[in-house]
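The structure comes first, then the text.

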Amino acid sequence: MSGTRREIPNDPGRKERILEAALEVIAEGGVHKTTHRKIAARAEVPLGSLTYYFDGMEDLLAQAFARLADTMSLLYRQTVQAAGSTAEAEEAVVELICGPAYATTRDLTLIFEMYAYANHNPAVSATTRSWLERSRDSLGLHFPTGVCRALDALIEGWPMHGAFDEAPLDRNLVAGTVHAIVAAAPDLARDRAGGGT
């Protein structure tokens with residue numbers, strides 16, 4: 001009896017497996033080529049399982065992207081939280097931009113797909129906004145608000161540019177840019193208080 005409650009105790013990780021399979025299918029072919037059948041085959045579950053756990057494809061995609069955001073946010077937080085000084089926090093930001101762990105090729109592909117889909121799906125749009133807020137909250141452990149926004153834009157944007165650039169990221173350039181933003185924070189705050197004069 002595929003997709004019935006009777007199956008659940010025998011396969012407690014099925015929903016998570018379906019979500020991970022959905023992300024794999026999206027990474028390979030994009031949202032526009034993602035189907036229930038492809039996801040079920042990748043997850044090695046009966047097709048009826050998808051309709052049991054999810055209220056259609058939009059719900060499945062929304063939950064899959066929420067899973068991506070949660071996973072990425074956790075790694076982001078762990079990397080920044082481990083810093084014991086401003087200098088170490090700057091290095092953590094550089095690692096998020098240049099390191100191999102945070103934004104892998106697969107991750108970047110999924111982020112591109114999520115951002116595009118967020119323009120047409122309110123739930124994924126809300127997930128994306130929440131992800132930005134969590135990222136800035138993590139950076140806020142070490143930096144003021146304006147710096148958090150600027151650094152988060154670098155963390156998201158620089159690897160995206162790198163995905164289409166033939167040259168590898170220059171870690172020294174990234175580190176210098178991050179430090180310049182952090183060092184400029186007091187002057188930027190004074191300019192804002194003085195009306196930009």
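A residue counts as buried when its relative accessible area is under 20%, as exposed when that area is over 50%, and as partly exposed in between. The model discussed here is predicted.

**Cysteines**

Cys148 has a relative accessible area of 3% and is therefore buried. Cys98 has a relative accessibility of 22%, so Cys98 counts as partly exposed. A search of the whole structure finds 0 disulfides.

**Helix H6**

Helix H6 covers residues 105–118. With 14 residues at 1.5 Å a residue, H6 should span 20 Å, and this agrees with its end C-alpha atoms, which are 20 Å apart. The buried residues of H6 are Asp107, Leu108, Leu110, Ile111, Met114, Tyr117 and Ala118. Their cover includes helix H1 (14–29), helix H4 (57–81), helix H7 (122–139) and H8.

**Cavity and pocket**

Searching the whole structure for cavities of 30 Å³ or more gives 1. The volume of the largest cavity is about 30 Å³. Two elements give two or more residues to its lining, namely helix H6 and helix H8 (145–164). H8 gives the most, with 4 residues. The lining of this cavity consists of Tyr102, Ala103, Leu108, Ile111, Ile155, Glu156, Pro159 and Met160. By class, 7 of these lining residues are nonpolar and 1 is charged, with no polar residue.

The largest pocket holds about 240 Å³ of space. Its lining has 14 residues, and those closest to the pocket centre are Ala103, Thr104, Thr105, Leu108 and Pro159. Helix H5 (86–98), H6 and H8 each give two or more residues to the pocket lining. Here H6 gives the most, with 4 residues. The pocket lining divides into 9 nonpolar and 5 polar residues, with no charged residue.

The two spaces are set out below.

Technical notes: Residues numbered from 1 in each chain as written. Predicted model: local features only at pLDDT ≥ 70, side-chain atom pairs only at ≥ 80, totals over all residues. Heavy atoms only, no water. 1 Å grid on protein atoms, 1.4 Å probe; cavity = no way out; pocket = protein on both sides within 12 Å on 5 of 7 lines; lining within 4 Å. Points joined across faces, edges and corners; volume = space filled by probe spheres on them. Nonpolar A, V, L, I, M, F, W, Y, C, P; charged D, E, K, R; others polar. Disulfide = S-S within 2.5 Å. Buried < 20%, exposed > 50% of the residue type's maximum accessible area, 1.4 Å probe, protein only. Expected span 1.5 Å × (residues − 1). Contact = heavy atoms within 4.5 Å.
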